[in-house]
Structures are given as structure tokens and as C-alpha cells.
Amino acid sequence: MLGSYHQAILVISTINRFTEEVKLNTNPQPFAGLLVVSIEQAVAAPLCSCQLAEGGARVIKIERHDGDFARHYDSAVKGESSYFVWANHGKESLTMNFKQPDDAELLHSLIAEADIFIQNLAPGACERAGFGSEELRKKHPKLITCDISGYGESGDYADMKAYDFLVQCESGLVAINGSPEAYGRIGVSVCDIGSGMNALIGIQNALLIRARTGKGMGVKISLFDTAADWMQVPFLHAEYAGKAPKRAGLHHPSIAPYGGYTTQDNEILAISIQNEREWANFCSEILGNAALAVETRFNNVKNRVTNRQALDQIINQVFSQKTRAELEVILKQASIAYGAVNSVESFAKHPQLRRRPVTLQTGETADIIDSPIQYLDEHSNKQATQPFGAVPALGQHSEAIRKEFGRRI
């Protein structure tokens, strides 16, 4: 009788496990069932929580009564902010002032139910309001917290305002971008974007650890640390070779030929030669002069960089006599890595660009660039797409959330 009982339990357990596996296989969204509460503004934290929303999490965005200021950065998308549409679709918007007792109580109720808490206010702001990450984790041991700041929470720069461009400047990113004659800001909010992605990586790691231990943990990200990590190669050159790479425009500071060259029809094609085999092939198949590969000025990468000006003259002479289309054919045939220097308008028509519609606050739709993360259906091996959630109007979900979570503690 006891054996039959254990056998029955085993069968039930196997059925339950199989049922859960089926559910997982039919829903490729990795964060389905998770609740995320995010006190967020601008780009870094919203982009992180948007990725969680795209992955199936329920994300409640906490906003001031006048809203995330990213709502008003521009009006490019049918009257709505391009930044806000990009980084906030699929969320619920709750407006509150958590310095007021009733709203503080509501926020505590939300966090008590949450799996993940994210914030990117000024260092110390959440602590002063009673929502410091360390205290929240003591109160809710399974909670994962993520704090995103400009320069970290300690040190001389902790209280500095840290907008993306300023961090690009402070980290040296600007110093290695642009032409030899002028500095160049990277044209997208790269420090914000990178910090949002690092935050997502940290949260994913914390979820894996929680799955093993049952305990949450804290994740801390700063824009400066993110930019600093990307500066590893220039930093190591400066520290150990005594000389940081110089700004080289479209060229690579330590590889040649590696850059952009103008065609007969005034297009720019970029090429990338990574090794001596490719260099020899480029000389014979594209430049029509195999002897160049072993000429003293060009017979290794160091000499090619030293004599870049003479090398560029030779390449420009060949490229200026052929159209972009003609060059693309022979470059491809010769297995030379190349890419067109496209305008944004040309990029928008790129055959590889994937788009997905999103519903705006007005109910209209706009096509935005699809997520870079694709999930493939196990059976068909086709992309298992989920529609993007709508862009929330300011406070759109406040009433419903207050009814759902109010007076729970």
C-alpha cells in the first residue's frame, strides 16, 4: 500500500513537471510572471525595465505627477517622444508622490509583492524617502534591487549630475571619437543604453542566483563604470604602452587599411582588413597590384599604419574610379569585409532592418525597430514574436493599481 502511494505521488509529480515544461515551451517569454516596480526617468532604468516588459514581466512605472521628463524630449513620433516610445512600451504608469504617507504605504505594498525593484533617482533620494535598496531587501529577502546612478553612490563625483554626454566626456569616450581635428560625441545615448543593458544582465544573474538560493540580491550600476569598461583598450594602451590611441575619424587607430573610402558616385564604403592573408587578397583582387602586399611600406600592419597616408592615396585612386555598386560586387567576390557608410535615411530602408508596431498613447500605431533578442519556437524554429505592449499615458493605470494594491500592509 505504501509503495502504491509513493508510486502515485511520483506519477502526479511527473505530470505536474511535464505540465510546467509545456507551459514554458509554449510561452517563450522568460520573465513571464515577474512583477517589476521601477522608480525611473530618462533612459537607463526605463530601457532596462522595458526589456523586462518585452520578456513578459509586468512592469509598473512610478512617475511624478508631472511625469517622466523623457515624455517631453521631443515630439517626433506622431507627436510623442521618440525616447519615451522606445524605452517605455509595455508598462503600466502609476503617478504618485511617495514622500506622502498614503502613497508611501501604497509603494511599500507594491514592493512587498514585487520580484524586482529598480530606481535611478539621485544617490540617496530613495533612502531618504524610506525606500533604500538595502533596507528593502532586509524586509523582503527574495527581492532583487537594482540601483542605477551616474558615478556610483560614493566618492567625490557621487553627487554630480551625470547626463549621458557629460559621462562620455568624463570617461574619455569623446577623446577617442571624432576626426583628428575635432572631438566627436557618440551620436546616441550610449552610456545610458549600456547602463540599461548592464542592469538587465545584473538582474538576470540575480534571478539565476535566486532560483538556486531562494534569496534576492542587490545590483548596482553606474553610467561612468559602464563607459569606463568600454575604455579598457585605450586605457591599457595609455597605461602600458605610454600612448593612448589618437582620434582617426573613420580609420582604425592601430589597423590599416581599416576605414572609409569615397567611391566614384560619392558614396563611402568602409573596408576592414584583419590579417595578412586578407591584405594580400585585397592587393591582388581589388587594387590590382599583388606586389604591394610585400612592399616594405606595407608588408605588415605596423608599417601600413605608419604609412597610412600613402596607402590611402593608392586605395582612393582605385575606389574613386568605381561606383559603390561595382565595388560591392568585387569586394564580395574577393571575400573582403566591407560596409556602406549609410545615412539614417538609408539605414531606415535597410533590407536587414526588422520593425514591429507599437500602440501609442493616442491609440495610433507606429513602427519601431524590433527587439535585437529573438526567441525561436522550439517546434517550427521560427521567431516566436509577441506584440509590443502599448506606450502608457501618464498615470493611465493609477486608479486600477491603487485598487489592486491599496491597503495590503
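1. Exposed means a relative accessible area over 50%, and buried means under 20%. Tyr163 comes out at 52%, so Tyr163 counts as exposed. Keep in mind that this is a predicted model.

2. Where is Tyr163? Look in the loop between strand S5 (144-149) and helix H7 (164-170). Together with Phe165 and Leu166, Tyr163 makes a nonpolar surface patch of about 310 Å².

3. Now turn to helix H2, residues 44-54. Is helix H2 largely enclosed or open? Of its 11 residues, 10 are buried, so H2 is largely enclosed by the rest of the structure. Among the buried ones are Pro46, Leu47, Cys48 and Cys50. After H2 comes Gly56, with a positive phi near 105 degrees.

4. Next, some backbone angles. Most residues other than glycine have a negative phi, and most peptide bonds are trans. Check the following residues with that in mind.

5. Lys78 is not a glycine, yet its phi is positive, about 55 degrees. Lys78 sits in the loop between strand S2 (58-63) and helix H3 (82-88). Its relative accessibility is 48%, so Lys78 counts as partly exposed.

6. Ser335 also has a positive phi, near 55 degrees. Find Ser335 in the loop between helix H14 (324-333) and strand S11 (337-340). Its relative accessible area is 59%, so Ser335 is exposed.

7. Which peptide bond is cis? The one from Ala256 to Pro257, with omega near -10 degrees. Pro257 belongs to the loop between helix H10 (232-241) and strand S9 (258-262).

Terms used. Residues are numbered from 1 along each chain as its sequence is written. This is a predicted model: local features need pLDDT of at least 70, side-chain atom pairs count only at pLDDT 80 or more; totals for chains, interfaces and linings use all residues. Side-chain values use heavy atoms; hydrogens and water are left out. Buried means under 20% relative accessible area, exposed over 50%, partly exposed in between (1.4 Å probe, protein chains only). Helices (H or I, at least four residues) and strands (E, at least two) are DSSP runs, numbered from the N terminus. Patches are made of residues with over 30% relative accessible area and no salt bridge: like charges are joined within 9 Å, nonpolar side chains (Val, Leu, Ile, Met, Phe, Trp, Tyr) within 5 Å. Accessible areas come from the Shrake-Rupley method with a 1.4 Å probe; for residues, only the protein chains shown count as cover. A salt bridge is a side-chain nitrogen of Lys or Arg within 4 Å of a carboxyl oxygen of Asp or Glu.
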